[in-house]
Amino acid sequence: MTTPPQHPLKTPLVMAVAIAVMSTSGLANADGTGDIEARLAELEQRIDDAEQRARAAERRAAEAERAMAVQRQSNAADQPARVTAQTEDLEERLAAVERQASGEEGFSFNAYARSGLLIGEGGKSIEGGPYLTPAGSVGGAVGRLGNEPDTYVESVFNYKTRYDNGTKALYRTMIADGVETSNDWTSDESSLNVRQVFVELSDLPSFTGAFENSSIWAGKRFDRDNFDIHWLDSDFIFLAGTGAGIYDVQLADDWKANFSVYGRSYSEYPTEDSDTGGNTDNLTFTMNNYVGHWQWMVSALSAADNEERAMDTGAEAADSGFHTMLAYHGDSFFGLADGSFKAAVLHGRGLGAETKVIGADGNLTDDATSTRLGLYGTTYLAPKWRFAPAVLAEVSKDRYDDGDEYSWATFNARLANELTTNFEMQYELSYQWMDLDPGSTGNAVEGGYRKFTIAPTFKPEVGGFWKRPEIRLFASWSDWDEELNDYSEDDALGSAGFTGGEWAFGVQSEVWF
């Protein structure tokens, strides 16, 4: 501790002050001695008080200096830790922003929608849709370009989260609606529906071995690995319902598999004892295998008590079934050029004879069998010319009645000529052959349906079949063999005044993201 400086001149200073006082006042005589001594004592006390205050100030200054030195040393020692903490905080915040920007975390929105007018030569709306032919009743789709009279929308809401242990969670809700009226207020015709609501968990640190990269889910959903022929508005395979499953189980180096169970309800169907007395649930157990470009899917179906369903044909309804699909996902145009292609063969028995929407049809007979072939490809024939052919065909027997037979095949091709960065001409040609014998429930027919469409198309940027949105004008010509009108009075080709050999015109928008 620093010792405050002493003041050796204190006494002489007091004496000098005293002498000056006595000289000035003329009181330096014996009679004024007491008064002077009192005043000197007071003066000494003041000086002493001042010195104490000075020493106290010096002590405070020294203590402050020492405290500052200690703080400087502490700051120097803590600075790396503070810098590290600040850096880690900034990195964590930046990573969170990047995850949200990439869609790995946070809220996102996806959608599909189409809407337009389909007007016949007489200035009135006409029948349309990819399933308007008699074969449409058993899944026979035709080309959809310039052939859709509906407004259909899917809105998908996603929320993704990543937790501190690395686990990722996806929550999804999908709302859909479809109407054929062109009115702006369609509540009376709306079919608004929640089509998906599920949770999926991935990157779970407790999953190891074959399950290390797997994800699990539960709820109501479309299967992640469904795929379709867009030009026909027909899935190769559509697995959906309410259930649970696990994706991407690594069974071998090149072999991954998905396992799931989906439930679909068969409600309020007639039985022998009641017109509306039956209901049950179909359960579809699926193993979906992937080896390289190959996909092999196997499904077993069960619907307890569905055999009690009263069939109009008198046949026995199936209460179980089997379904399988072998598919190839190519990364070229059938090995001939750059592009892509997909091909699949599907087969089903019993409840599995509905080969596309697995488990959706409870009216299939116990002996029903179906075999379906589907393929499509995309490529460029020239720098500005895109080409996409597709084939979809099916043969089924004993489907809804003992002895019925349904055979049909659709051949479709879409061609697009990119004229500017925002405009292209699209052309689509479709032909469907069908030989349908519904047995005791209807009339057997055989014949063909033909459609050709020209569609001037505007889009933000041309360059591929998958770029949307698009706004199209179109003119479509369609025709079919007259015999097909006799198949049913309830389908489009049986409608009064819809006789074929006529033009349809319209406009349509389509968007997905």
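A salt bridge here is a side-chain nitrogen of Lys or Arg within 4 Å of a carboxyl oxygen of Asp or Glu. Keep that cut-off in mind, and let's start the tour. The model is predicted, so local features need pLDDT of at least 70 and side-chain atom pairs count only at pLDDT 80 or more, while totals for chains, interfaces and linings use all residues. Residues are numbered from 1 along each chain as its sequence is written, and side-chain values use heavy atoms, with hydrogens and water left out.

**Stop 1: the salt-bridge network**

Select Glu424 and Lys459. They form a salt bridge whose closest N and O atoms are 3.4 Å apart. Glu424 sits in strand β17 (residues 423–437) and Lys459 in the loop between β18 and β19, so the pair links distant parts of the chain, 35 residues apart. For the element names, helices (H or I, at least four residues) and strands (E, at least two) are DSSP runs, numbered from the N terminus. Both Glu424 and Lys459 are buried, where buried means under 20% relative accessible area, exposed over 50%, and partly exposed in between (1.4 Å probe, protein chains only).

Relative accessibility is 13% for Arg468, which counts as buried. Glu470 is buried at 2%, and Glu510 is buried, also with a value of 2%.

Where do the salt bridges with shared partners lead? They join Arg386, Glu418, Glu424, Lys459, Arg468, Glu470, Arg472 and Glu510 into one network. The structure holds 25 salt bridges.

While you are here, look at the backbone beside Arg468. The peptide bond from Arg468 to Pro469 is cis, with omega near 10 degrees, and Pro469 is placed in the loop between β18 and β19.

**Stop 2: the largest pocket**

Next, select Glu154, Phe222, Asp228, Asp235 and Phe238. Among the 48 residues that line the largest pocket, these lie nearest its centre. The space in this pocket is about 1600 Å³. On a 1 Å grid over the protein atoms alone, a pocket is an open set of points with protein on both sides within 12 Å along at least five of seven lines, a cavity is a set of points where a 1.4 Å probe fits but cannot get out, and lining residues have an atom within 4 Å of a point. Grid points are joined across faces, edges and corners, and a volume is the space filled by probe spheres set on the points.

Which element gives the largest share of this lining? β1 does, with 4 residues. The lining divides into 18 nonpolar, 10 polar and 20 charged residues. In this count Ala, Val, Leu, Ile, Met, Phe, Trp, Tyr, Cys and Pro are nonpolar, Asp, Glu, Lys and Arg are charged, and the others, Gly among them, are polar.

**Stop 3: the second largest pocket**

Move to Asp312, Asn363, Tyr400, Tyr406 and Thr441, which lie nearest the centre of the second largest pocket, lined by 25 residues. Its volume is about 440 Å³. The lining has 11 nonpolar, 9 polar and 5 charged residues.

**Stop 4: an enclosed cavity**

A search of the whole structure finds 3 cavities of 30 Å³ or more. The largest cavity has a volume of about 70 Å³. To find it, select Ile126, Glu127, Asn147, Ser478 and Ala504, the residues nearest its centre out of 13 in the lining. β18 (445–458), β19 (470–480) and β20 (502–512) each supply at least two lining residues.

**Stop 5**

Asp248 has a positive phi of about 60 degrees although it is not a glycine. Asp248 belongs to strand β8 (residues 240–252) and is buried, with a relative accessible area of 18%. For Asp305, phi is near 70 degrees, again positive in a residue other than glycine. Asp305 lies in the loop between β11 (294–302) and β12 (320–330) and is partly exposed, at 41% relative accessible area.
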